[in-house]
Every structure is written in C-alpha cells, then in structure tokens.
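Please keep the sequence and the model at hand while reading.

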Amino acid sequence: MGIRRTYIRTLAEKVLHKHQPRGLPIDPTRIAEAYGIEVKVEDVDDEDISGFLLRESKLRKTIIGANARHHENRQRFTIAHELGHYLLHKGESVHLDERKPGFMLQLRDANSSTGESINEREANLFAAELLMPARLLEKDLRGKKFDLLGDDFFLRKLAKGYGVSVQALTIRLENLGYVLD
Ligand SMILES: [Zn+2]
C-alpha cells in the first residue's frame, strides 16, 4: 500500500487556490485558521516534540500546536503537516508528532508500510506540496542547470523565498526528480 501522491497534490493545490492564490511564502497558519482551526505556537519543554493536532468533537474545536523552541521554518512545516493530518486522516482525536530516530529518513524513503508510517508520510507530503508547490518550483527552476547542490547560494535564496529549510527544499527537489548531484 502506497501513499496517495496524486490525491495529495491535487488537494494541496485546491487548498492553495482557495486560501492563498498568490504570494510566497505560503502562510500555513492563515490557511489552517480559514478552516476554523486554532493555531498555537507554544514553548514545549521537549525538543523532540514538534507538534500536535487535537480534535475536540464535543466542543467542535480543532487545535494545531507547534513547538516555539523550533526554528520558524520548522514550525511552519509542522503546522502544514498537522493540517495535512486534519484534511487526510479523519477520526483520530489526538495526534502527537515527535521526532523519532530516523525521522528524517522517513521523509525520504518508503521502507516501512505500517499505517502510522503511511499517515506520517502523507502528512509530510501534504506539507511539502503546500509550502513548496511543484508548479511554482518548476517556474523558479526553469532554465536552471540541475547541479543545484553545487549552487549553495541559489538553494539558500530559494529556500528563504519559500520559508523552508535548505534540507526540506533539497528533499523536495529530489522527490520531484530534480537531479541534485
Ligand atoms: Zn504527523
């Protein structure tokens, strides 16, 4: 069982079209708020906790949390990731995201096929599609030679424009099939 790549890209494009038709960087907080979600960025005394999604069905309230101790780019990715869970994985009332050993590997590879891992990969893919839309990247990279890893300045500038880390951008470009080395 794989992850729903096409569905997730289409979903992210619809969400962007409706809530942020232009302009970078994408504002995941504003988009989440448009769904009636309350976004809280709070100091969490545990570096390994990146965020959570809480669905209070009785109060009809949904809260996304992100760790204020993390870099702003990471907070943005976390908020987009939790929004991905909200839109893709119904039914779960509390979802906590912790950094586990090998978490960054999970962003990349398809080794594990447990349900939890698929949900995480889907939420990560949604976050990547939301914050780094393929269509916009394609425009930015048009005419650019694909020895991007050698062009640190360009990568940093691009990452800054999208409000993401160079690492997240690099993974995204690799997944989109841009050759980086
Ligand atoms: Zn998650």
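## Burial of the zinc ligands

His 95 counts as buried because its relative accessibility is 7%, where buried means under 20% relative accessible area, exposed means over 50% and partly exposed lies in between, with a 1.4 Å probe and protein chains only. His 85, at 1% relative accessibility, likewise counts as buried.

This is a predicted model, in which local features need pLDDT of at least 70 and side-chain atom pairs count only at pLDDT 80 or more, while totals for chains, interfaces and linings use all residues. Residues are numbered from 1 along each chain as its sequence is written, and side-chain values use heavy atoms, with hydrogens and water left out.

## The zinc site

The zinc ion is coordinated at 2.0 to 2.6 Å by NE2 of His 81, His 85 and His 95, by two OD contacts from Asp 97, and by OE of Glu 120; donors are N, O and S atoms within 2.8 Å of the metal (3.2 Å for Na, K and Ca), and sites may look incomplete because water is not among the atoms. The donor residues follow the spacing H-x3-H-x9-H-x1-D-x22-E in sequence. Of these, His 85 lies in helix H3 (residues 72–88) and His 95 in strand E4 (residues 94–98), 10 residues apart, and the pair links distant parts of the chain. Helices (H or I, at least four residues) and strands (E, at least two) are DSSP runs, numbered from the N terminus.

## Helix H8 and its partners

The axes of helix H7 (residues 152–162) and helix H8 (residues 166–175) come within 9 Å and cross at roughly 100 degrees, the axes being lines fitted to C-alpha atoms over the stretch in contact, with angles from 0 to 180 degrees between N-to-C directions. H7 is therefore roughly perpendicular to H8, a term for angles of 65 to 115 degrees, as against under 35 for roughly parallel, over 145 for roughly antiparallel and oblique for the rest. Leu 155, Arg 156, Leu 158 and Ala 159 of H7 meet Val 166, Leu 169, Thr 170 and Leu 173 of H8, where contact means heavy atoms within 4.5 Å.

Helix H6 (residues 134–141) and H8 have axes that come within 12 Å and cross at roughly 90 degrees, so H6 is roughly perpendicular to H8. Ala 134, Leu 137 and Leu 141 of H6 make this contact with Leu 169, Arg 172 and Leu 173 of H8.

## Surroundings of Ser 50

Ser 50 is found in strand E2 (residues 49–56) and, at 10% relative accessibility, counts as buried. Leaving aside neighbours within four places in sequence, Ser 50 is in contact with Gly 65, Ala 66, Asn 67, His 70, Arg 74, Thr 78 and Asp 97.
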